[in-house]
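Dear colleague,

I am passing on the structure we spoke of, with some notes on what turned up in it. Please look it over when you have a moment.

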Amino acid sequence: MSESNSTGRPDEWLSNLAQLGDLARVRLLLLVERTELGVGELATASQLPQSTVSRHLKALHEHGWIAKRSEGTASLYRLPVDALDPDLRRLWETTRDRLESSPVFLDDASRLKEVLASRRSDSQAFFGRIGGEWHEVRHELFGTGFGVDAMLGLLDPDWVVADLGCGTGDAAERLAPIVAEVVAVDRERAMLEASRKRLGEFNNIRFVEGDLLDLDLESESVDAAVMMLVLHHLPEPAAAISEAARIIRPGGVLLVVDMVAHDRDTYQLTMGHEHLGFEESTILELGERGGFGRVCWRRLRPMPGGKGPGLFAASLFKRS
């Protein structure tokens, strides 16, 4: 289908020319020039037997007139005019312009509209029939985590993102395939080593051992930062928020995910928590005092099987 296809040999040129000597093939070409279609759709639009359509499509594909691609078990065909050899393109355009207003071609075009409308109604009928069950069907087909991974594509691929308190690298693992660089910071050397070992396949993660209250990073050196279940471990959350603001460029964002305020004081004894979660008002105040111009706070939905306190996500936007 490329312009490099040669039509210089007389037998090749005559063979290509012969394809336009068959009315059925010209009808099919005109249909697949308008849109990509399957065999069944072409049979409906042209009112030709499906076996006849398949035979003509095979010949047209072999002679380079149409492109074919597979979607599942179906084959779809189209005529990409711009990819034709220039001589074939002119030949086709002349043929099309002479014939497309003939009744048989107008009838095909009318039936094609019905075929395309049927596509839309089939989709509408499916969703109308399945209704509220679609949530379960989608999860059965595709699992539950694809949406979160897909939405990471909203991030700018040129960004540098700091994973502050990276632990074993869960956030860094999600971010690394999307952004230019991830700076994974943790004060615990054992955590960093575990993360480095687990994420060795990525060459755009930089591991930094350091205190989140005194980061060994240049000011305004990252575009965004994340703190995933970290803030409640820190003795001075305000200092950590201010330090994060220092390293983030103007217009950047800090994402804080942590526990909402709770009364499980055993966490302080068994897991070393410094704080029993945070109220929304506390996060808003920390953001304002830390140098962020706007803070968006929302409570996250509980995850199935989760036994801990509720979580929140707060986006802290640094002034431009």
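The notes below go through the sheet, the helices on it and the aromatic side chains.

Please bear in mind throughout that this is a predicted model.

An open sheet is formed by 7 strands in the order β6-β5-β4-β7-β8-β10-β9, and the pairing within it is mixed. Strands β6 (205–209) and β9 stand at its edges with a single partner strand each, so that one side of each is left without a neighbour in the sheet. Direction ignored, neighbouring strands are turned against each other by 15 degrees on average. Further in, strand β8 (residues 248–259) pairs with β10 in the antiparallel sense over 7 bridges, and Val 257 has Ala 313 in β10 as its bridge partner.

Two helices that pack on this sheet deserve a look. Helix α10 (residues 189–198) touches β5 (181–186) and β6, its direction making about 165 degrees with that of β6, while helix α13 (residues 280–290) touches β9 and β10 and makes about 160 degrees with the direction of β9.

As for the side chains, the structure holds 1 aromatic pair, in which Trp 297 and Phe 312 are stacked, at 5.5 Å centre to centre and with 20 degrees between the planes. Trp 297 lies in strand β9 (residues 292–299) and Phe 312 in strand β10 (residues 311–318), so the pair ties together parts that are 15 residues apart in sequence. Trp 297 is partly exposed, with a relative accessible area of 22%, whereas Phe 312 counts as buried at 0%. Finally, the charged end of Arg 294 sits over the ring of Phe 317, 4.4 Å from its centre.

Key: Residues numbered from 1 in each chain as written. Predicted model: local features only at pLDDT ≥ 70, side-chain atom pairs only at ≥ 80, totals over all residues. Heavy atoms only, no water. Phe/Tyr/Trp six-rings, centres within 6.5 Å; stacked < 30°, edge-to-face > 60°. Helix = DSSP H or I, 4+ residues; strand = E, 2+ residues; numbered from the N terminus. Buried < 20%, exposed > 50% of the residue type's maximum accessible area, 1.4 Å probe, protein only. Lys NZ or Arg CZ within 6 Å of the ring centre and 35° of its normal. Pairing = 2+ DSSP bridges. Axes fitted to C-alpha atoms, helices over the stretch in contact; angles between N-to-C directions. Contact = heavy atoms within 4.5 Å.
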